[in-house]
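Dear colleague,

I am passing on the structure below, and my notes on what was found in it follow directly after. Please read them with the coordinates open beside you.

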Amino acid sequence: RKMLPKLQYDAVVAAVAEVAEKADPKPPAIPTELPETLDDATLEALHQVLFNIHVLEGELICPDTGRKFGIKQGIPNMILHEDEI
């Protein structure tokens, strides 16, 4: 519960929506806005989304620069090229 105010909750909602298209099994539904009071079902869904979804293949995209970092076998490659240092 202490961690939730520190989250960019809208980014979590967007990420869950994007992952849900390809995930098997589908992630649990979470509210589009963080409720002020959380019931056990919502807390369990948030826990599942935040800690039990693992991206094995794909990419991370930096929201500031748009740079893409590939993910292979669950490991993101975040090494910068020489011209980016």
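Strand 2 (residues 68-72) has a covered face, made of F69 and I71, and an uncovered one that carries K68, G70 and K72; strands here are DSSP runs of E of at least two residues, and helices runs of H or I of at least four, both numbered from the N terminus. In a regular strand the side chains alternate between the two faces of the sheet. The model is a predicted one, in which local features need pLDDT of at least 70 and side-chain atom pairs count only at pLDDT 80 or more, while totals for chains, interfaces and linings use all residues. Residues are numbered from 1 along each chain as its sequence is written, and side-chain values use heavy atoms, with hydrogens and water left out.

Strand 2 is joined to strand 1 (residues 58-61) in the antiparallel sense by four bridges, pairing being taken as at least two DSSP bridges between two strands, and I71 has G58 opposite it. Six residues lie between these two strands in their hairpin, where G66 in the turn has a positive phi of about 80 degrees. Strand 2 also pairs antiparallel with strand 3 (residues 75-76) over two bridges, with K72 opposite I75; in that hairpin two residues separate the strands, and Q73 takes a positive phi near 55 degrees.

In helix 2 (residues 40-51), T42, A45, L46 and V49 are buried, that is, under 20% relative accessible area with a 1.4 Å probe and protein chains only, where exposed means over 50% and partly exposed in between. Seen down the axis of helix 2, these buried residues fall within an arc of 100 degrees, so they line one face, the arc being that of the directions from the helix axis to the C-beta atoms. The face turned away from the buried side carries the exposed residues D40 and E44.

Best regards

Conventions. The expected span of a helix is 1.5 Å times one less than its number of residues.
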